[in-house]
Amino acid sequence: WRLQKDPGLILSDIDITRVVQASVIWQKLGQQVFGISLPEYLYGTDALEPVPSFSEWPEAWGDTFDRDTLVDGRIVEKIGLSELCRLLGLVYNGDDKTFVPFDSKRPQTGIRWMRHQNGHKNHNRTPVDCRTTFQSFEVGMDAGEGIAVYVQDPTVIQGHIMDLPGSVPTGYRDYCACLGHWSDSPGLGWNFGGNADPNYGSASRGSV
């Protein structure tokens, strides 16, 4: 398959990043979930919107975030969190209703770009403390967003467990989702939000 509509088009670094990340999602999930080709995934169909171009991030975010990841929230909306974890080989002992948003006004949906940091700078800090000290434009990543980061870079949880303060277990707001390795298997779970650990760190994203 070809990645460009116009064979003569010269792709910029940003365009290449868009194509590469979209290709990763399509290969691991999109072709199974949506049953479409890569060009259809990239450029859209009558039933599916195309992969968006990069957003322009506020300058104020520069010192807080250092990464960009394409998040396709349509996948978890279509198949649920349990099936998403199964397709990716993530151990998950919850179900599609285990997690709810910490702040119901903050979740984002659909396919979009996310500017974020993966939590390494927050090692040995509790998720509760991180939430209280986030910048005004910063919110904790949720379970689906953390998985999106893992899809692009599975090494993100090597020697590091991502606390995902944007998702909390239903009825247990003192806990939060986390993504890491347990017993040599990658998995999605939850832990007490008041615990600080040198291997855990809260991931966050821009709040637009």
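## Exercises on a pocket and aromatic pairs

In this predicted model, the lining of the largest pocket is made up of 21 nonpolar, 12 polar and 12 charged residues.

**Exercise 1.** State the volume of the largest pocket and find which element supplies the largest share of its lining.

*Solution.* Begin with the volume, which is about 830 Å³. Next, look at the centre: of the 45 lining residues, D142, A143, G144, E145 and S167 are the closest to it. Then list the elements that each give at least two lining residues; among them are α1 (13-34), β1 (67-72) and α6 (143-152). The largest share, seven residues, comes from α6.

**Exercise 2.** Classify the aromatic pair formed by F34 and Y41.

*Solution.* A pair of aromatic rings is described by the distance of the centres and the angle of the planes. The structure holds 10 aromatic pairs. For F34 and Y41, the centres are 6.3 Å apart and the planes make an angle of 25°. Planes under 30 degrees apart count as stacked, and the pair F34 and Y41 is stacked. Both F34 and Y41 are buried.

**Exercise 3.** Classify the pair F99 and W190, then decide for each residue whether it is buried or partly exposed.

*Solution.* The ring centres of F99 and W190 lie 5.8 Å apart with the planes at 80°, so this pair is edge-to-face; the cut-off is over 60 degrees. F99 belongs to strand β3 and W190 to strand β9 (residues 185-192), 91 residues apart in the chain. The relative accessible area of F99 is 12%, so F99 is buried. W190 has 38% relative accessibility and therefore counts as partly exposed.

Note on methods. Residues numbered from 1 in each chain as written. Predicted model: local features only at pLDDT ≥ 70, side-chain atom pairs only at ≥ 80, totals over all residues. Heavy atoms only, no water. 1 Å grid on protein atoms, 1.4 Å probe; cavity = no way out; pocket = protein on both sides within 12 Å on 5 of 7 lines; lining within 4 Å. Points joined across faces, edges and corners; volume = space filled by probe spheres on them. Helix = DSSP H or I, 4+ residues; strand = E, 2+ residues; numbered from the N terminus. Nonpolar A, V, L, I, M, F, W, Y, C, P; charged D, E, K, R; others polar. Phe/Tyr/Trp six-rings, centres within 6.5 Å; stacked < 30°, edge-to-face > 60°. Buried < 20%, exposed > 50% of the residue type's maximum accessible area, 1.4 Å probe, protein only.
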